[in-house]
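Student: I have a model open and want to learn how to read it. Can you walk me through some features?

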Amino acid sequence: MAVLTAMLASNKTIVRAGRLIGFPVFGWMIVLAFLVGSYSFYHGFKKHHHSLVPFLVFSAGFSLLVLKQVFHQYQFWLLIPAVILIITAHLINYRSCRVHN
């Protein structure tokens with residue numbers, strides 16, 4: 001628990017520092033998460049299930065996540081479906097990979 005608290009505290013410090021110098025840290029975190037997630041879905045597509053459905057659901061979730069960054073007044077209304085779609089995409093990918101092994 002202490003390690004998690006330290007990680008969260010350091011993450012907040014990085015984000016605050018990024019805001020002070022005008023560097024959109026959270027935007028880069030979104031891009032990095034999209035790249036890592038896309039690789040995960042590409043691997044599942046190429047090596048296991050050959051279905052684009054997980055990637056399309058993941059992309060829809062990430063689109064909502066990006067919209068959340070643009071439309072701040074709707075951030076809570078966009079965040080919840082974005083998270084649900086991203087988690088659902090990972091579950092679909094995981095189950096599809098397990099079935100086709």
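Predicted model: local features only at pLDDT ≥ 70, side-chain atom pairs only at ≥ 80, totals over all residues.

Student: How many aromatic pairs does a search of the whole structure find?

Tutor: A pair of aromatic rings is described by the distance of the centres and the angle of the planes. Rings of Phe, Tyr and Trp (its six-membered ring) pair if their centres lie within 6.5 Å; planes under 30 degrees apart are stacked, over 60 edge-to-face, the rest tilted. The search of the whole structure finds 5 such pairs. One of them, Phe-34 with Phe-58, is stacked, at 5.7 Å centre to centre and 15° between the planes.

Student: Where in the chain do Phe-34 and Phe-58 sit?

Tutor: Helices are DSSP runs (H or I, at least four residues), and strands are too (E, at least two); both are numbered from the N terminus. Phe-34 is in helix α2 (residues 25-49) and Phe-58 in helix α3 (residues 53-70), 24 residues apart.

Student: Is Phe-58 buried or exposed?

Tutor: Buried means under 20% relative accessible area, exposed over 50%, partly exposed in between (1.4 Å probe, protein chains only). Phe-58 has 1%, so it is buried. Phe-34, at 28%, is partly exposed.

Student: Why is the pair of Phe-41 and Phe-58 called tilted?

Tutor: Their planes meet at 45°, with centres 4.7 Å apart, so the pair is tilted. Phe-41 lies in helix α2 and Phe-58 in helix α3, so this pair ties together parts 17 residues apart in sequence. Phe-41 is buried at 3%. Phe-34, Phe-41, Phe-55, Phe-58 and Phe-62 form one aromatic cluster.

Student: Now the histidine. Which residues does His-49 touch?

Tutor: Contact means heavy atoms within 4.5 Å. Not counting residues up to four places away in sequence, His-49 touches Gly-44, Pro-54, Asn-93, Ser-96, Cys-97 and His-100. His-49 is in helix α2 and buried at 8%.

Student: What joins the side chains of His-49 and Asn-93?

Tutor: A polar contact of 2.6 Å. The term means a pair of N or O atoms within 3.5 Å; within protein, one must be able to donate a hydrogen and the other to accept it, and residues adjacent in sequence count only if both atoms are side-chain atoms.

Student: Which residues of α4 are buried?

Tutor: An α-helix has 3.6 residues a turn, so residues three or four places apart point the same way. In α4 the buried residues are Leu-78, Ala-82, Ile-86, Ala-89, Asn-93, Ser-96 and Cys-97.

Definitions and conventions
Residues numbered from 1 in each chain as written. Heavy atoms only, no water.
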